[in-house]
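Welcome! Please take a look at the structure below, and then we can walk through some of its helices and one of its residues together.

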Amino acid sequence: MIFSRKKIFAALVALSVSGAGFSQNAEYGTFLREGYTYDEIDEAERAAAESADVSPDKSLMSSKSRVDWTKGTFTSDVSLDVVKAGIPMPSGKSVSMNRIQMELPILVKDPLLTLYADDTRTLSDLVLEEKLTLDSLARIIDGSKKTPPYFMNASNVLTTSHTMNLNDIGSLLVKHRTPYVQEKPIERISSRAYSGIVIDARGSLPVQGEHVRSKVSPCLFPKIWNEDMTLVYERNMVMPDVAKSSGIVSYLPGQGSKKQTERAGNDPLWITARKVYGVNRCDPVISREDYLRIATVPANLELLKQGKVVILLDPDELSHAVSSPKKDVRYFLEIKRLTKNIEDKQIPEVVPEDTGGGFVLMMENLRFIADSPELLPTEKGRIQGIATELKKIISSGKYTIRVNGHTADVNKPNGQQTLSLQRAEAIVNALVGEGLNENLFTWYGYGGTKPIADNSTAEGRAANRRVEIIVAPEGTEIQRR
């Protein structure tokens, strides 16, 4: 069943979508004329409801979410139309709040799961990898702060704001018990003890290993590297109680903040980031000289242990509305058709699957010239088959296509990352050569950071050499139930 992994939050709620108000309408007739069956349409409507993407005319509730990394909060404004829901007022206010509380996990989940956990993973990735438990997330959602409900502009819409602390989620991912301290470098540089570390990563920076520029994005667990790609700072260097209670960094928009003084003290080491690294563009890269100013002084290494690190980013990166892929009835019908076509045409070693970020076509056991991004000619048939199906799905709506390259891990992280990026680009070029618009595509290289099999065996390494093609619908900032 193609929706199996879509139910990432099914364990959070025991709700039936049978009361979602599905009805046959003009859109229903359109789907029937396109050849879909009543059962397929009903299944797609239920899947859309689980994605909080019911059409506006059928929805009783809506939610808009925003993140503020300076405060470490994720806030959702949730509204319920009490008239459409058939709840009498004022006696039904408690019933309304109970309804909102029950529906919160479904309304909040998709935008929440788009947040970056680190340089390669979103929260959705961690749920799918079972590194976040559904029960723990449910408890955080249930225990988060809510404002008293009020009627917006004297209307029938009852509204409340729900605010989650991002550190509550981050604390679930801190597993170490004792921080480690990196070895002191042999090279020395003139330095002294500071009260904290402030890294100015504002503006557009060159991306390490790529010929592009990007702003730095915030995440729960950024890493700091130097230009030699020596790891300077990461979560396992921080005291676990500190990492759980206040995160491993504070994000701020600029100088002169009280919070900056609290975390980094009155005499911090000021560092200007030289580059940004990571698939999600979360990791600042500093100069080797600045790295040595930290690493050659024991008191400064202690700052890392205590998490006395502040990262300055542009305001628009720190506080903004959060959107998630728009997974309406049309989306689920299209991916059902795409799956059936791939199976019927027997395109070899292509596994279709719906995930939190979109619909994934996993191309397994891709054959390239050894240590090269050049595809072997034998792959042309697979590329042509996938291109044909992608043309059909993008003709039905607004989609983007993301291509993720992966390699086996052979202990050459820089080379693996570069090769995976080049191979992802090779797939993009091949699909564009089959007539797809190049403006639809973005591509990323993960190297060997996301294995799906054991790298110690030849079979496992072959499985890890793969490319994922993710067909993502346009984003939406409003979730509806």
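Predicted model: local features only at pLDDT ≥ 70, side-chain atom pairs only at ≥ 80, totals over all residues.

Residues are numbered from 1 along each chain as its sequence is written, and side-chain values use heavy atoms, with hydrogens and water left out.

**Helix H12 itself**

- Helices (H or I, at least four residues) and strands (E, at least two) are DSSP runs, numbered from the N terminus.
- The buried residues of H12 include Val329, Tyr331, Phe332, Leu333, Ile335 and Leu338; buried means under 20% relative accessible area, exposed over 50%, and partly exposed in between (1.4 Å probe, protein chains only).
- Glutamine 346 follows H12 and has a positive phi, near 55°.

**H2 against H12**

- Helix H2 (residues 38–50) packs on helix H12 (residues 329–345) at an angle of about 125°, with the axes 8 Å apart.
- That angle makes H2 oblique to H12, since angles under 35 degrees count as roughly parallel, over 145 as roughly antiparallel, 65 to 115 as roughly perpendicular and the rest as oblique.
- Axes here are lines fitted to C-alpha atoms, for helices over the stretch in contact, and angles run from 0 to 180 degrees between N-to-C directions.
- On the H2 side, Glu40, Ile41, Glu43, Ala44, Glu45, Ala47 and Ala48 meet Val329, Phe332, Leu333 and Lys336 of H12, where contact means heavy atoms within 4.5 Å.
- By class, this contact of H2 with H12 has 7 nonpolar, no polar and 4 charged residues.

**H9 against H10**

- The axes of helix H9 (residues 288–295) and helix H10 (residues 298–305) cross at roughly 95° and come within 6 Å.
- H9 and H10 are therefore roughly perpendicular to each other.
- Arg293, Ile294 and Ala295 in H9 meet Asn300, Leu301 and Leu304 in H10.

**Leucine 231**

- Leucine 231 is found in strand S10 (residues 231–233).
- Because its relative accessibility is 22%, leucine 231 counts as partly exposed.
- Leaving out residues up to four places away in sequence, leucine 231 touches Tyr180, Gln182, Lys223, Ile224, Trp225 and Met237.
- Leucine 231 and serine 323 are 92 residues apart in sequence and 32 Å apart in space, C-alpha to C-alpha.

Definitions and conventions: Nonpolar A, V, L, I, M, F, W, Y, C, P; charged D, E, K, R; others polar.
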